[in-house]
Structures are given as C-alpha cells and as structure tokens.
Amino acid sequence: PDDRYMTQYIITGIGHLRKLNALTGDNYQSIKAIVDKAVPYLDKKIKEDYDNLIKYKTKLNQNNLSSIQIQYLYMRSFFSEYKIAAASQTANNYYQGQAKKYWLSNSKYMQAMIALAMHRNNDAVTPKAIIKSLKENSINKEEMGMYWKEWTTGGYYWHQAPIESQAMMIEAFMDIDKNNTTVNDLKTWLLKQKQTQNWKTTKATAEACYA
C-alpha cells in the first residue's frame with residue numbers, strides 16, 4: 001500500500017540532495033522518474049485533505065493544519081519547477097494560509113519547516129516572525145550550544161524527534177536568519193549529542209549530516 005508520509009520523506013531527501021548539488025545531469029535522470037510520479041501523487045493527496053474538509057463541512061477558518069500537510073509544504077518548496085495542477089491549487093493555497101495563521105500552534109520542528117516553506121514561497125513576513133519566536137524560546141549554553149527544552153523529552157511521533165528537529169533548525173536559521181554564530185551554536189548541540197550519546201536512528205543521522 002502507498003505511504004504518503006514516507007513518500008514525502010523520500011522526495012524531501014531528494015530535494016536535500018539537489019540543494020547540495022549532489023544530483024546533477026545524468027545521475028539525476030533515473031531519480032527524476034521517481035519525482036515525476038511522486039509530486040503529482042502528493043499534490044493529489046493534499047487536494048483530498050481539502051476535499052474532505054468540504055465534504056464534512058468543517059469550518060475552514062479554524063485550525064485544520066496537521067504535520068502531514070506541513071511536511072507537504074516543505075517538500076513542495078524544493079520542487080517549484082513542478083507546476084501544481086489546477087485541481088490541487090486551491091488546496092495548496094488553503095494550507096499555505098493555514099500555515100501563516102496557525103504556525104504558533106505547532107511544535108518547534110514544524111515551525112521551522114513552515115518558516116522554510118514560506119521563505120521559499122516569497123513570504124517576507126511569516127518566516128522572520130517564526131525565527132524571532134524560536135530565538136526567544138531557545139536555550140543557549142556555552143558548552144551545549146543552542147537548543148530547545150522540548151528536545152529533552154522527545155516524543156513518539158516523527159515530528160517530535162530531537163535530532164531531526166535540531167537539523168531543521170540549522171537549515172531554517174542558515175537560510176533565513178543567516179547568522180553564522182547562531183548556526184554554529186545550533187551545530188554544537190547536534191555534535192554534542194553524537195559525542196555524549198548517539199544520533200538514534202539512520203533517519204536522524206541522515207538529517208544531521210545534511211544539516
């Protein structure tokens with residue numbers, strides 16, 4: 001059976017590799033075939049989310065944003081050359097609006113993901129507001145670097161994973177805030193985890209290496 005979350009995760013990984021210029025020319029062609037199928041599939045899934053809101057007469061002005069839709073917006077930001085089908089455009093616009101309105105209700109990991117998606121969508125306001133909020137809520141210790149208290153508890157769900165969360169923070173602060181001192185403080189915490197414990201999974205390790 002298809003797995004929407006895993007498909008978005010894989011395509012995001014391909015987006016990461018492209019951003020690192022690790023996929024160019026001939027070595028991208030075979031992978032491009034995967035992206036060519038996956039992106040329209042994921043656009044269709046976001047439309048299904050929106051169609052269900054209409055079907056069940058959900059109040060569209062309330063918070064209907066979940067982590068799977070945030071992951072979609074972030075994934076989609078790597079592939080702007082793929083035009084969103086007209087049938088999915090309304091859904092995409094709706095969840096973009098939801099992200100701008102309800103980012104504060106989400107985990108720090110999801111806030112950073114929203115900031116990057118909005119930044120690449122030429123939103124000049126929301127990403128800066130998110131970065132400002134993240135800075136204000138961070139912990140900064142000389143030995144441990146910069147991190148967030150949520151990381152000490154973790155959680156069961158993918159969007160509560162501390163290593164992946166910190167890796168996302170590094171990407172967000174690097175692309176949006178562009179303060180090398182802050183980025184280095186964020187990297188310090190990531191490296192300290194490897195030094196004192198471990199990066200718990202292959203997924204966490206991949207995200208940490210990307211960051």
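**View 1. Order of the elements in the protein chain.** From the N terminus on, the elements run α-α-α-α-α-α-β-β-α-α-α. The radius of gyration of this chain is 17 Å, close to the 17 Å given by the globule rule for 211 residues, so the chain is as compact as a globular protein of that length. In total the chain has nine helices and two strands. The model shown is predicted.

**View 2. Extent and packing of the protein chain.** The C-alpha trace spans about 50 × 45 × 35 Å along its principal axes. Of the 211 residues, 47% are buried. Among contacts between residues at least 6 apart in sequence, 70% join residues at least 24 apart.

**View 3. Surface of the protein chain.** The accessible surface comes to about 11300 Å². Carbon and sulfur atoms account for 53% of this surface.

View 4. Rolling a probe the size of a water molecule over the atoms shows where empty space is left. One cavity of 30 Å³ or more is found in the structure. The largest cavity holds about 100 Å³ of space.

**View 5. Residues lining the largest cavity.** The lining consists of 13 residues. Nearest the centre of the cavity lie Y9, T12, Y109, M113 and E207. By class, seven residues of the lining are nonpolar, four are polar and two are charged.

**View 6. Helices around the largest cavity.** At least two lining residues come from each of α1 (4-19), α3 (67-76), α5 (108-120) and α9 (202-210). Helix α1 supplies the largest share of the lining, five residues.

Notes:
Residues numbered from 1 in each chain as written. Predicted model: local features only at pLDDT ≥ 70, side-chain atom pairs only at ≥ 80, totals over all residues. Heavy atoms only, no water. 1 Å grid on protein atoms, 1.4 Å probe; cavity = no way out; pocket = protein on both sides within 12 Å on 5 of 7 lines; lining within 4 Å. Points joined across faces, edges and corners; volume = space filled by probe spheres on them. Helix = DSSP H or I, 4+ residues; strand = E, 2+ residues; numbered from the N terminus. Nonpolar A, V, L, I, M, F, W, Y, C, P; charged D, E, K, R; others polar. Rg over C-alpha atoms; globule rule 2.2 N^0.38 Å. Buried < 20%, exposed > 50% of the residue type's maximum accessible area, 1.4 Å probe, protein only. Contact = heavy atoms within 4.5 Å. Areas by Shrake-Rupley, 256 points an atom, 1.4 Å probe, with all protein chains shown as cover.
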